[in-house]
Amino acid sequence: MRDRERYGNGMEALLRVEHLKKQFHRNSDGTYVLKDISFEMMPGECLGLIGNSGSGKSTIVKILTGITTATKGCIYLEGKQISGKRTQKEIGKKVQMIFQNPKSSLNPKMTIGQNLDDALLYYRKIPKTERKRQCEEILERVHLPVSYLAKYPSQISGGECQRVCIARALLRHPALLICDEATSALDVSVQKEIVDLLKEIQQEEHMAMLFISHDLALVANVCDRILMLSDGEIKKIECVPDEAQ
Ligand SMILES: Nc1ncnc2c1ncn2[C@@H]1O[C@H](COP(=O)(O)OP(=O)(O)O)[C@@H](O)[C@H]1O
Ligand SMILES: [Mg+2]
């Protein structure tokens, strides 16, 4: 079913990707990593993106977040075209990311409190006491004790670091949270805890989430709809039946 038909209610898509193509300069044989990618996400939707390693998942994310540019195609965020025109900082106001390796996503020389505070300082001028209150509140939202504000990333586990990364993303109130293999580096039991936390937060915040993984079972557990990427193309779109969620 085409996305347009699925959402034939006139509601504006949060994200619209149209005919995205990507060729890296190093692909001197002329091959495209992304051949023709089009999809939509509605506000508050949880969309899965699966595909084997090297299928181009992270390349899509890098284009969406402005880390790299598309060779062809357009991206619209809340109806406004973002490709080319908007800076990474502007995209960052609406889109936040959770990466595979939480420890390397945090600054090891800063405490958890300073890492979180940095996220608040980046965009707006907020008084110090208010920033501290927000950092404490957000740690509680990800079920970590407030005492963790004084710890360094090296003093806490990988799963706890990922909770801090989720907290840091939430401080910026994104309309879209992109999780690129966010649980792949974690132990299986911790993976489930992080997935449950992401689901809980996504529903509470009515935030859209693009959940990327090579693990179909994991994605089917989290998402309403799944895109399958293969050889740089979306091969299949599946809707997860309610009873499977
Ligand atoms: N900067 C780059 N230069 C050249 N090729 C790249 C670059 N980044 C990624 N690729 C290639 O693009 C393909 C898709 O990579 P990627 O998007 O990371 O896949 P996935 O996230 O699905 O594992 C791979 O073949 C990879 O080698
Ligand atoms: Mg990847």
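Which atom of Gly 56 lies 3.0 Å from an oxygen atom of ligand 1? It is a backbone N or O atom of Gly 56, and the pair counts as a polar contact (N or O atoms within 3.5 Å). This is a predicted model, in which local features need pLDDT of at least 70 and side-chain atom pairs count only at pLDDT 80 or more, while totals for chains, interfaces and linings use all residues. Residues are numbered from 1 along each chain as its sequence is written, chains are lettered from A and ligands numbered from 1 in the order in which they are written, and side-chain values use heavy atoms, with hydrogens and water left out.

Stay at the ligand and select Lys 57, where a polar side-chain atom lies 2.9 Å from an oxygen atom of ligand 1, and then Ser 58, whose backbone N or O atom lies 2.9 Å from a ligand oxygen. Taken alone, ligand 1 exposes 570 Å², of which the protein buries 65% (Shrake-Rupley areas, 1.4 Å probe).

Next, select helix α2, residues 57–64 (helices are DSSP runs of H or I, at least four residues, numbered from the N terminus). Of its 8 residues, 6 are buried (under 20% relative accessible area, with exposed over 50% and partly exposed in between, 1.4 Å probe, protein chains only), among them Lys 57, Thr 59 and Ile 60. Just after α2, Gly 66 takes a positive phi of about 80°.

Now move to helix α6, residues 128–141, and show the side chains of Glu 130, Arg 133 and Glu 137, which are linked in a network of salt bridges (a side-chain nitrogen of Lys or Arg within 4 Å of a carboxyl oxygen of Asp or Glu). Arg 133 meets Glu 130 at 3.0 Å, N to O, and Glu 137 at 2.6 Å. Arg 133 and Glu 130 are 3 residues apart in the helix, so about one helical turn separates them, and Arg 133 and Glu 137, 4 residues apart, are likewise separated by about one helical turn.

Finally, select Arg 141 and Glu 204, whose side chains meet in a salt bridge of 2.8 Å, N to O. Because Glu 204 lies in helix α8 (residues 188–205) and Arg 141 in helix α6, the pair ties together parts that are 63 residues apart in sequence.

Methods: A polar contact is a pair of N or O atoms within 3.5 Å; within protein, one must be able to donate a hydrogen and the other to accept it, and residues adjacent in sequence count only if both atoms are side-chain atoms. Helices (H or I, at least four residues) and strands (E, at least two) are DSSP runs, numbered from the N terminus.
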